[in-house]
Amino acid sequence: MSDVEVSRVSKRYDDLWAVKGVSFTAPVGSFTSLLGPSGCGKTTTLRLIAGFAALDEGEVRIGGRPVDALPPWRRNLGVVFQNYALFPFMTVFDNVAFGLRRRKVPRGETAERVAEAIDLVGLPDLAQRYPRQLSGGQQQRVALARALVIRPDVLLLDEPLSNLDAKLRAEMRFELKRIQRETGVTSIFVTHDQEEALTLSDQIVVMNLGTVAGAAPPKAIWEQPASAYVADFLGVENLFPGTVGDAARDDGTVAVSVDDSAAVLHVAATRPPGSAVVLGIRSEEVAVRRGGDMGEMDDGPNALDGTVREFTYIGSAIVYQVDCPALPGPLIATAQREFPVGDSVRLHLPPGAIKLLRPDAPAGGSGTRP
Amino acid sequence: MTAGRAWGGGARFPASLATPVLLAFAVFIVVPCALLLVKGLEPTSAAGDWPDFTNVLGLFDSKIGQQALNRTIRVSLIVTVICLVAGYPVALFIARCAPRWRGLLLAVVIFPFLISAVVRAFGWTVLLGDSGLANKGLIALGLIDRPIALVQNEIGIIVGETHLLMPYMILSLLAVLQRIDPNLRHAAESLGASPVSVFWRIVIPLTLPGLLTGTLLVFSLAMTAFATPFLLGGGRTPILTTLLYDYAFTLFDWRLAASIGIVLLILGILFVTIHRFVSSRGMRSYG
């Protein structure tokens, strides 16, 4: 087991930086996710750690040792690919035994360790089958067994669940977590799925345009995203640029005016007056009530009137798109109650639920020019 | 396979469109083969009955027939091996090139197809002749004192046929090499396989289908080539096809010529059978 230190790593393809100055540390035995949209450099980062591509700048250390001079076949890493990359002309047994045979492990021990690995990943007795005779989920498990049987210092996973159907994906998520806990192998997992990253990781590294946009444990990144981009990627539906108004008030809130609108929202936070921020609130934190319904409680601050523009039923709730004249764009809110399209509603944004986020430089295209 | 089913599935028109060509092929294969058998197995004496194997078997008794048979097999095998060993690195190189270079290199490989075998054979006669570029070069390098015979013998046939058939091998290999998932190589590398090990244990098995197609094409085309061995081999190094030509158009012995045809047919069937057997064993895991 080893930790992985990625420091200021850059990779250029022609005149485009696929990865630029990426740094993070994956502690021994931890599960780190690289999360981001396609083209953000997460897979390139993984390939640089594996040694499939040479980095242009920076350094990768595994167990404290720089590995940049080592070819992939001397790094002792387990890699699981999105398409599994099983050797089609080899049986399951030969696929899993491949790494052990390259290491000149004696026959008896090879058979034992292959059986162990197949057992670990929960495969039934399929050792003499060929990959094409297996289901996607089974191929996935073979790929895991093949990567783990060599007892790698680090396990690298490149979107391993994205080719599975939803039900199997949820199942394999638990399996991955169990296997990682049982083996204790330091794992780096590339994904574009925030739910996968949240459920599996000890640490999430959110990437954008070849750089790290934020890195934190799942709970921290969920509750306090580092920037508007990170919040957007972690499913904060409502994001509005704003400017902090006068000094902090007695109740511990600041008044933030939403740019390009008349709305002023009170937020439980402290920021110097005049700061440019992005206000963010998740749809489920927005309370929706019938318009003109005075209810039992005082509206307090942050009450907005709006009209239902559209709604979608998602089973556990209804998601509303509400036009608020006071805001520059529609607001997304979740509620249990049904409101037809065109209905007047009153929205309440609790000051404690609104996050004040650091604005990002405007995103454009993939990668940055040097 | 899946694609075929998707195309076929109930649509009648592809079958009816294929019929004329299939029918023509059937007629042009079956009828000549029947004629070949009728003529080649014709009785040698007036009293004999039809299947008379004297001519076919007699071919192996004559010194020239024996030599031609051995040379045909030997040359075809050597050409196949040279095409495989020399063509594989070329195919590998082209497959790993950037796409814009790949097209150019592919054109270079296919270019010989644009020149007729006869013109190419004359070209080789000039290059390989006593005062040709090859001999002059070897003398200049001090490897030989005086010109050696490179043409009008087996060397000439091998050089000419290798040049003629190399594109078939390269294209067959390229077809499978380009389909290899690069992740397979990475997977093998991450598991501790050096590039040499990756080549022998991953790339070679993955290209086996193309390798088998290539050898089948090259061997059968080498065995049945006529113009190239005729022009570069000369009269004293007959192979089965040139001997057949001699019998048919110099001696006007159609019966003897047909019997060589039968031998070539048997050789072809034999090779395809062996090839199919090897393929089915080697590719069991490909499905």
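Biologist: Which residues in H4(A) meet which ones in H5(A)?
Modeller: One note before that: this is a predicted model. On the H4(A) side, A:Gly137, A:Gln140, A:Arg141, A:Leu144 and A:Leu148 take part, and they meet A:Leu168, A:Glu171, A:Met172, A:Glu175, A:Leu176 and A:Ile179 in H5(A).

Biologist: Thanks! And at roughly what angle do the axes of those helices cross?
Modeller: Helix H4 (residues 136-148) of chain A and helix H5 (residues 166-183) of chain A cross at roughly 20 degrees, and their axes come within 11 Å. Angles under 35 degrees count as roughly parallel, and H4(A) and H5(A) are therefore roughly parallel to each other.

Biologist: Is the crossing of H4(A) and H5(A) left-handed or right-handed?
Modeller: Right-handed.

Biologist: Which side chain meets A:Arg141 in a salt bridge?
Modeller: That would be A:Glu175, at 2.9 Å from N to O. A:Arg141 sits in helix H4 of chain A and A:Glu175 in helix H5 of chain A, so this pair ties together parts 34 residues apart in sequence.

Biologist: Switching to chain B, how many helices and strands does its secondary structure have?
Modeller: Chain B has 13 helices and zero strands. Its C-alpha atoms fill a box of roughly 75 × 70 × 35 Å along the principal axes.

Biologist: Nice. What about H6 and H7 of chain B, how do they pack?
Modeller: Helix H6 (residues 117-128) of chain B packs against helix H7 (residues 133-140) of chain B at an angle of about 25 degrees, with the axes 5 Å apart. That makes H6(B) roughly parallel to H7(B). B:Val126, B:Leu127 and B:Leu128 of H6(B) make the contact with B:Leu133, B:Ala134 and B:Asn135 of H7(B).

Biologist: Last one: which residues make the nonpolar surface patch?
Modeller: The patch of about 810 Å² is made by B:Val21, B:Phe25, B:Val27, B:Phe28, B:Ile29, B:Val30, B:Val31 and B:Leu35. B:Val21 is in helix H2 (residues 13-40) of chain B.

Key
Residues numbered from 1 in each chain as written. Chains lettered and ligands numbered in written order. Predicted model: local features only at pLDDT ≥ 70, side-chain atom pairs only at ≥ 80, totals over all residues. Heavy atoms only, no water. Patch = residues over 30% accessible without salt bridge, like charges linked within 9 Å, V, L, I, M, F, W, Y side chains within 5 Å. Areas by Shrake-Rupley, 256 points an atom, 1.4 Å probe, with all protein chains shown as cover. Salt bridge = Lys/Arg side-chain N within 4 Å of Asp/Glu carboxyl O. Helix = DSSP H or I, 4+ residues; strand = E, 2+ residues; numbered from the N terminus. Axes fitted to C-alpha atoms, helices over the stretch in contact; angles between N-to-C directions. Parallel < 35°, antiparallel > 145°, perpendicular 65-115°, else oblique. Left-handed = near helix turned anticlockwise from the far one by under 90°. Contact = heavy atoms within 4.5 Å.
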